[in-house]
Amino acid sequence: MSALPAAAGQDPLPAAFAPRLIAWQREHGRHGLPWQQTRDPYRVWLSEVMLQQTQVSTVLTYFDRFLQRFPDVHSLAEAPADAVMSLWAGLGYYSRARNLHRCAQVVVQDHGGVFPPAAAQLQTLPGIGASTAAAIAAFCFGERVSIVDGNVRRVLARLLAFDQDLAQAASQRQLWALAQGLLPPSPTPADMSAYTQGLMDLGATVCRRSQPLCERCPVQALCQARSNQTVTQFPVKSSRVKRRAESWWLLVLKSPSLVPDGMDFWLERRPAPGIWAGLFCPPVLGSEAELQQRVPAQAWQAAQHLPAMTHNLTHRELRLYPVVVKVDRALVSERQAPGVWVNVAELAALGLPAPVRSLYQQLAS
Ligand code: SF4
């Protein structure tokens, strides 16, 4: 099984792939997404970062909300970190939000608020990897450069029957070089846009991870895996992420609010680096015994153990055990721990990890 296509002229694949993909995208691809209506690098960059590991349907809401609050790179660069994290809360992978904020600051400080127009320069910015840089450069500046994100790797691995292990960086680089060889030879900016979007659309809607719709595929006649009836064998990837289980005991401290009939909650900012760095969370303890040591004996008698929750991160399975304890707020002050008392209304403005936000929503209802 060959991973390398023969030279153009001998193998119909490199010459035929781009025109078919472009024609298909123009007729059958996705056209109505808000970030497709623009060549503004700020909007394209924002959408690309949000779309990393997050589905389009989820991104749509966040994208609009983010743009309303931060309509351009300057407003994002000037925003407090908490405001950015708060708007990101629920999208997960919070390092993306921190890098997004940092990147906006670098674009403003070092590039006069203008994104560099080439993939090679874009890649030097915080949080912009090779594929995101290629997407921005292709969509906004018509650069002849190929994206190769996870979806596109799957498409190309099947198309080329690429049998190298994509868990290896060297194989990823090899596939990238092959992707460059499939680009249209002298595209217009509109061609590059349709080609890049076509790769994304093909991976998302036709050449799906499971049950690919080969009979609807515009490049089925060129696809080596389909021809060999080996579609299910690609992509080859040896290592699947194994999640390590971890138990977190959440000390949910509450105290009567200064407003009548209200209740305040104690939250601490998560340390960096680490899981949920920079977000607000109840104090996290490694065991029930450790948690109990933080609680006055009398208050422990009335502690309320809530049902455990499971939250999956890329490398961790967090088992969360919330315990609600009512305390005198004087016993927990900002002088004793880096945190803050907030009421239910104030919670909405803070950056909270998704399971923590849902926990407090339950407590408030
Ligand atoms: Fe993917 Fe099937 Fe198209 Fe090949 S023919 S690229 S496996 S959808």
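This is a predicted model: local features need pLDDT of at least 70, side-chain atom pairs count only at pLDDT 80 or more; totals for chains, interfaces and linings use all residues.

User: Which one gives the most?
Analyst: H11 does, with five residues in the lining of the second largest pocket.

User: How many residues line the second largest pocket, and which lie nearest its centre?
Analyst: The lining has 17 residues. Nearest the centre are Gln36, Phe139, Ser193, Ala194 and Gln197.

User: OK, cavities now. How many are there of 30 Å³ or more?
Analyst: The structure holds one. The largest cavity has a volume of about 110 Å³.

User: Which residues are closest to the centre of the largest cavity?
Analyst: Arg158, Cys207, Cys214, Cys217 and Cys223. The lining of the largest cavity counts 15 residues.

User: What classes are they?
Analyst: The lining of the largest cavity has 12 nonpolar residues, one polar and two charged.

User: Which helices supply at least two residues there?
Analyst: Helix H9 (150-159) and H11 each do, for the largest cavity. H9 gives the most, with three residues.

User: Where does the ligand sit?
Analyst: In the largest cavity.

User: Go on, list them.
Analyst: Arg158, Val206, Cys207, Cys214, Cys217, Gln220, Cys223, Arg226 and Val231 surround the ligand.

User: How does that shell divide by class?
Analyst: Around the ligand there are six nonpolar residues, one polar and two charged.

User: Different topic. Where is glutamate 346?
Analyst: Glutamate 346 lies in helix H15, which covers residues 344-347.

User: Why is glutamate 346 called partly exposed?
Analyst: Because its relative accessible area is 39%. Partly exposed lies between the buried limit, under 20%, and the exposed limit, over 50%.

User: How far is glutamate 346 from phenylalanine 265?
Analyst: Their C-alpha atoms are separated by 10.0 Å. Along the chain, glutamate 346 and phenylalanine 265 are 81 residues apart.

Definitions and conventions:
Residues are numbered from 1 along each chain as its sequence is written. Side-chain values use heavy atoms; hydrogens and water are left out. A residue is near a molecule or strand if one of its heavy atoms lies within 4 Å of it. On a 1 Å grid over the protein atoms alone, a cavity is a set of points where a 1.4 Å probe fits but cannot get out, and a pocket is an open set with protein on both sides within 12 Å along at least five of seven lines; lining residues have an atom within 4 Å of a point. A molecule sits in a cavity or pocket if more than half of its atoms lie within 2 Å of its grid points. Ala, Val, Leu, Ile, Met, Phe, Trp, Tyr, Cys and Pro count as nonpolar, Asp, Glu, Lys and Arg as charged, and the others, Gly among them, as polar. Helices (H or I, at least four residues) and strands (E, at least two) are DSSP runs, numbered from the N terminus. Buried means under 20% relative accessible area, exposed over 50%, partly exposed in between (1.4 Å probe, protein chains only). Grid points are joined across faces, edges and corners, and a volume is the space filled by probe spheres set on the points.
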